[in-house]
Amino acid sequence: MTYSMAAMFGEELINTLIMTFGSSLFAYIIGLPLGILLVVWAKDGIAPSPRAQEILGVAINLIRSVPFLILLVAIQSFTRALVGTTVGVRAILVPLTLASAPYVARIIESSLKEVDRGVIEAARSMGASTWQIIWKVLLPEARPSLLVNGTIAVTTILGYSAMAGFVGAGGLGAIAINYGYYRFEEGIMWIAIVLLVIVVQVIQSLGMALVKRVDRRVR
């Protein structure tokens, strides 16, 4: 591998990490409160509002049902208006975030539903407010599950970022597409694939290590 090729892989690896963790951050900023509302507003939630929960759930499902590449193309005008361009790392953060936030909301909902109802009822019986139950009971009790699902979410978003190479977003996916698919240079494509696999394994290992540190059940 030449120096220029190695430099290209290094640059696109960094772009992949920026796209993955940047969009993951924004997706959680949006998805975390949505996931909490899905649980709090549920029929058996701590502040039931079934109609509002149903409307929110339908909206989340509608966005989740749109394939990522179609969503990416469909919101190009919105992306351009928001960040001034439709290509490159900065632009891809918009559709990545919009595609990932509903997914994050659902995994947050799933994690919070695992919390023992008895713990919630005990907090309520002691006069805890809805806000206190969320921040001092629901989120702390669900922390191991949130971390496990968060690791899965980040690796899923990494997969989305690889697909974004089809529209000039950059990253390791773009190398695999531009060289492996269009130029039939399979060696370069496989290097990109191996790097993506390594990134996934590192994220998975770090996530599981963090879970072991915070999960009282495995100590």
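Contact here means heavy atoms within 4.5 Å. The structure is a predicted model, in which local features need pLDDT of at least 70 and side-chain atom pairs count only at pLDDT 80 or more, while totals for chains, interfaces and linings use all residues. Residues are numbered from 1 along each chain as its sequence is written, and side-chain values use heavy atoms, with hydrogens and water left out.

**Two individual residues**

Thr151 touches Ile203, Gln204, Gly207 and Met208, when residues up to four places away in sequence are not counted. Thr151 belongs to helix H8, residues 143-163; helices (H or I, at least four residues) are DSSP runs, numbered from the N terminus. Its relative accessibility of 6% makes Thr151 buried, a class defined as under 20% relative accessible area, with exposed over 50% and partly exposed in between (1.4 Å probe, protein chains only).

Gly22 is placed in helix H1, residues 3-40. With neighbours within four places in sequence left aside, Gly22 is in contact with Leu17 and Leu93. Between Gly22 and Val83 the C-alpha to C-alpha distance is 14 Å, at a sequence separation of 61 residues.

**Aromatic pairs**

A pair of aromatic rings is described by the distance of the centres and the angle of the planes. Rings of Phe, Tyr and Trp (its six-membered ring) pair if their centres lie within 6.5 Å; planes under 30 degrees apart count as stacked, over 60 as edge-to-face and the rest as tilted.

Phe68 and Tyr160 have ring centres 5.1 Å apart and planes at 15 degrees, so this pair is stacked. The pair joins distant parts of the chain, since Phe68 lies in helix H3 (residues 68-74) and Tyr160 in helix H8, 92 residues apart. Phe68 is buried, its relative accessible area being 6%.

Trp131 and Trp135 form a tilted pair, with 5.4 Å from centre to centre and 55 degrees between the planes. Both Trp131 and Trp135 are in helix H7 (residues 130-141), 4 residues apart, or about one turn of the helix. Trp131 is exposed, at 58% relative accessible area, whereas Trp135 counts as partly exposed, at 40%.

**Helix packing**

Two packed helices are described by the angle between their axes and the distance between the axes. Axes are lines fitted to C-alpha atoms, for helices over the stretch in contact, and angles run from 0 to 180 degrees between N-to-C directions.

| Helices | Angle between axes | Axis distance |
|---|---|---|
| H4 (residues 76-83) and H5 (residues 89-113) | roughly 125 degrees | within 9 Å |
| H2 (residues 50-64) and H5 | about 130 degrees | 8 Å |

H4 and H5 are therefore oblique to each other, and the term oblique also applies to H2 and H5. Angles under 35 degrees count as roughly parallel, over 145 as roughly antiparallel, 65 to 115 as roughly perpendicular and the rest as oblique.

H4 and H5 cross in a right-handed sense. A crossing is right-handed if the near helix is turned clockwise from the far one by less than a right angle, and left-handed if anticlockwise. From H4, Phe78, Thr79, Leu82 and Val83 meet Arg90, Ala91, Val94, Pro95 and Leu98 of H5. This contact has 7 nonpolar, 1 polar and 1 charged residues.

The crossing of H2 and H5 is left-handed. Gln53, Gly57, Ile60, Asn61, Ile63 and Arg64 of H2 make the contact with Leu98, Pro102, Tyr103, Ala105, Arg106 and Glu109 of H5. By class, the residues of this contact are 6 nonpolar, 3 polar and 3 charged. Ala, Val, Leu, Ile, Met, Phe, Trp, Tyr, Cys and Pro count as nonpolar, Asp, Glu, Lys and Arg as charged, and the others, Gly among them, as polar.

How values were computed:
Helix = DSSP H or I, 4+ residues; strand = E, 2+ residues; numbered from the N terminus.
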